[in-house]
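User: Got a model open here. Can you walk me through some of its packing?
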Amino acid sequence: MIPIEVRVNGRRYAETVEPRLLLSDFLRSRLALTGTHVGCEHGVCGACTVRLDGVAVRSCLLLAVQVDGAEVITVEGLARDGKLTRLQQAFHQHHALQCGFCTPGILIAAEDLLSREARPSREDIVDMLSGQLCRCTGYTSIVNAIAEVAEA
Amino acid sequence: MGAKLAETWVGRSVLRLEDEALLRGEGRFIDDLDPVAGTRHAAVLRSPFAHARIVRLDPSAALNAPGVVGVLTGEDVVAMSRPFPAGIESPVPHFAAAHGTVRYVGEPVAVVVARDRYLAEDAIELIEVEYEPLEPVLDAVAAVATEACVSDRVFDYGDVAEALARADLVLRERFRFPRWSCTPVECYGVVADWDAAAGSLTAWANFQGPFTLHSVAAAALGLSGSKLRLITPTDSGGSFGIKSAVFSYVVLMGLASRKLGVPVRWIEDRLEHLAASSGSTARTTELEAGFTADGELIALRYDVVEDVGAYVRAPEPATLYRMHGSLSGAYRVQNVSARNRVVLTNTCPSGLNRGFGGPQLYLALERTMAIAARRLGLDPAEVARRNLVSSEDFPYATPSGGIYDSGDYEACLDDALELAGYEERRAEAVSARARGRLVGVGLACVVEPSISNMGYVTLAEPAGERGLPKSGNAEGCTISISPLGGITVQLPTTPQGQGHRTVAAQVVADILGVAPQEVEVLTASDTSTFPWTVASGNYSSRFSGVGVGAVALAANKLAQKIAEIRHHLGDDSISLRRVAGTAHWNPESLPPDMEPGLQATAYFAAPNLHPPDDQDRVASSAAHGFVVDVAVVEVDRETGQVRVLDYVSVHDAGRLLNPLLAEGQVRGGLAHGVGAALFERVVYDEEGNLLTSSFMDYLCPTAADLPRPRIGHRETPSPFTPLGAKGLGEGTTMSAPAALANAVADAIGRDDLELPLTAPRVWEVLSR
């Protein structure tokens with residue numbers, strides 16, 4: 001068992017974990033942050049995407065011990081003071097989610113893109129999204145939602 | 001309040017009530033629930049062979065592994081349960097885990113239950129199993145004359161032989177629709193809690209219905225229905241039919257909980273899902289079709305071989321019969337026959353998958369229409385127009401017993417051709433091809449059935465051998481108003497993202513005069529407390545018809561009661577809250593003979609859905625939408641890559657209850673249709689090993705792969721559903737494979753195409 005210290009959504013956690021514990025399982029089971037979803041556990045679907053020190057990563061491909069000393073943002077950390085972000089609101093307005101299972105990963109990945117590029121093109125957005133699987137929407141409404149925020 | 005300003009909530013693009021929790025990461029999916037204290041975790045040991053005898057299975061090392069509670073083996077399963085009942089008798093009994101013989105790669109052979117999932121997965125590695133491999137059956141067509149064929153039925157309507165004899169053109173083409181799977185991003189999950197004292201099982205599972213499968217699971221467990229309490233979470237991460245088959249894991253985990261005396265949680269991983277959950281059938285259709293010289297379709301003769309995998313798992317062979325009333329598609333043809341054979345192979349059992357029989361049927365029918373048009377030197381759109389059922393003929397009885405409720409097919413075709421700029425696109429494609437670019441235009445006209453007749457699957461047995469008749473499709477709904485006027489709706493339609501809560505709230509809001517936001521819709525269904533029927537659930541695009549029908553009937557009952565109370569109190573303007581308070585707190589003031597309380601339960605059954613008749617005719621669905629798609633593609637001559645240049649889809653799904661959500665369903669249905677057309681296929685090697693066992697091998701379309709469709713709507717209300725709505729979640733999944741295959745065939749001038757039209761496969765055709 002290995003002690004780790006990590007900030008998640010601004011809150012500090014000191015935990016002791018097995019070396020093999022996945023970050024996704026750590027977030028969901030240990031911290032009860034069940035907004036991070038697990039869809040494939042081999043890094044393709046992107047549902048488990050979180051930001052690690054500002055960078056979008058697949059939490060199913062990382063071990064909890066690897067985030068010792070780091071800062072993690074999950075979907076639960078997006079809305080501030082109970083208010084949805086512009087991106088979350090845009091997803092609502094554009095019907096950019098149906099079952100909502102892939103949505104947390106997509107929101108995080110989109111926030112990552114928007115933080116790196118002030119005005120990503122539609123092509124940039126599609127390019128980023130091609131790393132996230134959604135089986136419900138056909139993606140167009142998701143691209144529209146992100147593009148609206150990018151253009152604002 | 002807002003409600004006073006709106007004419008009706010129904011028909012408006014009300015934003016979803018579901019969204020906020022999901023956007024915050026506060027959804028409640030199966031793996032987010034912790035409904036029972038002390039739950040232990042399961043891992044499933046699965047067969048590495050497609051077909052083998054289990055010579056020896058020794059769990060002793062696993063039993064001694066750290067944290068292990070116990071092991072359930074296939075032998076235990078066979079001793080503790082009964083085979084699953086299915087639509088046709090099969091020589092091979094199907095249990096929740098294999099004992100003696102394994103019949104597909106991924107079939108469960110044992111379950112380990114341990115303190116956590118990591119330990120359970122460690123321990124399954126320690127179970128020693130000795131297999132003696134047997135020859136697998138993998139080619140359904142090759143096996144059709146063997147005992148692997150478990151059902152062989154012939155249907156004949158009109159006089160096909162006579163019509164073919166007088167036809168000017170007779171086509172006979174073979175079409176293969178591969179096995180594919182809609183692969184929801186959330187896999188299966190079950191929490192099972194056996195109550196030894198009560199002799200009952202409570203199970204939480206992301207089940208999607210049909211609730212016929214609750215009875216199948218209860219029968220396997222040897223329980224009366226009331227002893228199997230099945231609860232679904234509020235949220236389910238997509239299903240598209242696939243999660244119907246989680247019922248077999250409800251049984252498996254229920255048995256593990258029963259044997260080991262602990263509540264058991266099992267969350268499927270993606271490898272397990274791709275290997276052993278469910279998927280479409282693989283279908284080979286030989287279609288003989290007769291046409292007159294001017295393009296009238298006068299005969300269809302289907303010869304279908306349906307590969308359902310290793311077992312006939314309920315509700316199969318339903319894929320084969322879901323479209324039975326629509327064998328003639330959107331056309332007036334009167335002479336139709338079909339030979340339907342069901343074949344077992346050593347692959348994962350098939351089941352519900354978006355489109356459910358429609359993609360397979362229309363690939364054969366719409367490809368045949370396009371091939372006929374070319375052979376006759378006619379425009380495919382004109383051939384379609386010449387054959388479409390006329391708007392004056394509704395309700396239209398099809399030769400095989402279907403009752404098409406309403407529509408204006410020709411107007412939809414006109415809309416689609418205009419939206420697509422069909423004439424120009426066809427001309428552009430011809431000139432592009434003259435310049436060496438492989439551009440093509442494809443058309444598909446499909447009738448989209450919704451609200452399945454629970455009796456259609458009995459067609460798998462001949463009249464007289466069908467047992468007790470089955471029919472209909474009914475849904476239940478309970479609406480309660482609390483003493484403070486709060487409105488709660490219980491609706492067992494098990495949504496997985498379709499927005500049922502929003503639409504149900506719109507319907508109730510209109511009837512009770514409130515805003516949708518004031519209506520709590522509970523869809524976390526519970527077979528012990530919800531009103532439900534065997535038809536309940538989320539399949540055959542039934543929500544907007546029967547789901548909404550039940551909601552409207554229950555709300556109308558309450559509205560009537562509220563009106564009577566107001567009238568009795570002598571003031572028709574008393575607030576809903578006052579009426580509710582009075583009904584609860586002061587029942588003495590209610591009209592004499594009125595039942596106290598403010599709760600109403602109603603069931604709505606779709607009309608016309610009789611059992612199959614003795615001439616094998618069946619109204620297989622209650623409502624029928626219509627879809628016309630026009631696809632424009634370009635094929636890269638060097639690589640075979642298919643690029644979709646334009647995609648137009650025009651729908652008539654009756655009255656649209658929420659246009660925003662309707663659009664979402666059309667786009668999502670198209671995404672699955674494009675996936676099946678261009679990317680997706682479950683692949684086994686010649687020994688039955690699964691080659692598509694991860695998302696790196698099973699290719700789901702990404703944002704970069706899908707077209708931005710242009711969508712049009714018409715609204716011809718259905719006379720058979722309370723609000724005139726028809727289902728629309730599956731139409732584009734049915735139409736897109738045919739439309740895209742027609743476009744590619746047009747582009748490259750070849751008909752020997754096989755789905756999915758991936759670059760290597762198209763390239764291979766080009767280089768033949």
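User: How do α11(B) and α12(B) lie to each other?
Analyst: They are roughly perpendicular, the word for angles of 65 to 115 degrees. This is a predicted model, where local features need pLDDT of at least 70, side-chain atom pairs count only at pLDDT 80 or more, and totals for chains, interfaces and linings use all residues. Residues are numbered from 1 along each chain as its sequence is written, with chains lettered from A and ligands numbered from 1 in the order in which they are written.

User: At what angle do the axes of α11 and α12 of chain B cross?
Analyst: Roughly 115°, with the axes of α11 (358–376) and α12 (380–387) coming within 8 Å. Axes are lines fitted to C-alpha atoms, for helices over the stretch in contact, and angles run from 0 to 180 degrees between N-to-C directions. Helices are DSSP runs of H or I, at least four residues; strands are runs of E, at least two.

User: Which residues of α11(B) and α12(B) meet?
Analyst: B:Met369, B:Ala370, B:Ala372 and B:Ala373 from α11(B) meet B:Pro380, B:Val383 and B:Ala384 from α12(B). Contact puts the C-beta atoms, placed from the backbone, within 7 Å.

User: Switching to the sheet. What's the strand order?
Analyst: β4-β2-β6 in chain B, open and antiparallel. Strands pair if DSSP finds at least two bridges between them. β4 (101–102) and β6 (128–133) of chain B are at the edges with a single partner strand each, so one side of each has no neighbour in the sheet.

User: How many bridges join β2(B) and β6(B)?
Analyst: Six. B:Arg53 sits opposite B:Glu132 of β6(B).

User: And how many residues does each chain put into the A–B contact?
Analyst: Chain B gives 42 residues and chain A gives 42. On the chain B side, α18(B) gives the most, with seven residues.

Methods: Parallel < 35°, antiparallel > 145°, perpendicular 65-115°, else oblique. Contact = placed C-beta atoms within 7 Å.
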